[in-house]
Amino acid sequence: MMSTPITTAAIALDYGRTISLDHVDPALGQKPVDPGAADTLRVLYGRKKRLILASNTLPSESRWPALQAAGIDDVFTVALLSHSLGVGKPDPLLYHLVIATADCPAEEILFVGDHLVNDVREPIGHGMRAALVRRNGLRADEELPDGAMLIRHVRELPELLAEQ
């Protein structure tokens with residue numbers, strides 16, 4: 001983790017294993033939002049961060065029932081869901097859409113997710129910053145690219161972005 005806070009105007013977040021729990025809720029038909037992640041997103045929203053959901057999805061995954069159940073469906077500026085867009089990570093168009101909807105320079109966007117290529121390498125390649133969410137750290141065969149951070153949970157984001 002970086003020792004000094006980073007300047008960030010917008011945060012793009014993956015869904016699965018980033019802000020969701022690991023089990024499927026039968027009533028929702030998808031993985032519910034992690035309550036700790038929901039609390040964190042409310043804090044970031046309160047700090048006037050532009051939040052963007054950038055998620056690869058299947059036809060049955062709208063994400064909205066889970067976001068509504070967690071009470072955070074209103075914190076996202078936009079949801080870029082691959083199935084409805086017809087484009088997903090790691091297609092460069094998705095990252096261009098993130099930058100366009102963030103309404104700020106790419107270097108002021110922090111992309112947060114659990115996939116080393118889709119959520120870290122590709123966003124960095126498009127000028128964004130990135131945080132890899134891994135509860136158990138990096139795998140033996142993985143290495144973070146320069147400029148990337150490793151966090152165990154999105155709960156760490158408010159401290160990383162302190163005083164912004």
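This is a short tour of a predicted model, with one selection at a time.

Residues are numbered from 1 along each chain as its sequence is written. In this predicted model, local features need pLDDT of at least 70 and side-chain atom pairs count only at pLDDT 80 or more, while totals for chains, interfaces and linings use all residues; side-chain values use heavy atoms, with hydrogens and water left out.

**Stop 1: the sheet**

Show the strands. Helices (H or I, at least four residues) and strands (E, at least two) are DSSP runs, numbered from the N terminus. Six strands make an open sheet with parallel pairing, in the order 3-2-1-4-5-6. Two strands pair if DSSP finds at least two bridges between them. Strand 3 and strand 6 (148-151) are the edges, each pairing on one side only. From one strand to the next, the twist averages 20 degrees.

Now select strand 2 and strand 3. Five bridges join them in the parallel sense. Find Ile 52: opposite stands Val 78 in strand 3.

**Stop 2: helix 1**

Select residues 35-46. How far apart are the end C-alpha atoms of helix 1? They are 17 Å apart, which agrees with the 16 Å that 12 residues should span at 1.5 Å a residue. The expected span is 1.5 Å times one less than the number of residues.

Look at the start of helix 1. A side-chain oxygen of Asp 34 comes to within 2.7 Å of the backbone nitrogen of Gly 36.

Next, colour the buried residues of helix 1: Gly 36, Ala 37, Ala 38, Thr 40, Leu 41 and Leu 44. Buried means under 20% relative accessible area, exposed over 50%, and partly exposed in between (1.4 Å probe, protein chains only). Their cover includes strand 1 (10-13), strand 2 (50-55), strand 3 (76-81) and helix 6 (157-160).

**Stop 3: two positive phi values**

Go to Lys 48, in the loop between helix 1 and strand 2. Phi there is positive, about 70 degrees, although Lys 48 is not a glycine. Then select Arg 63, in the loop between strand 2 and helix 2 (64-69). Phi of Arg 63 is near 75 degrees, also positive in a residue other than glycine.

Is each side of this pair buried or exposed? Lys 48 is exposed, with a relative accessible area of 72%. Arg 63 is buried, at 6%.

**Stop 4: a cis bond**

Finish at Pro 90, in the loop between helix 3 (82-85) and helix 4 (92-102). The peptide bond from Lys 89 to Pro 90 is cis, with omega near 10 degrees.

Technical notes. Contact means heavy atoms within 4.5 Å. A polar contact is a pair of N or O atoms within 3.5 Å; within protein, one must be able to donate a hydrogen and the other to accept it, and residues adjacent in sequence count only if both atoms are side-chain atoms. Axes are lines fitted to C-alpha atoms, for helices over the stretch in contact, and angles run from 0 to 180 degrees between N-to-C directions.
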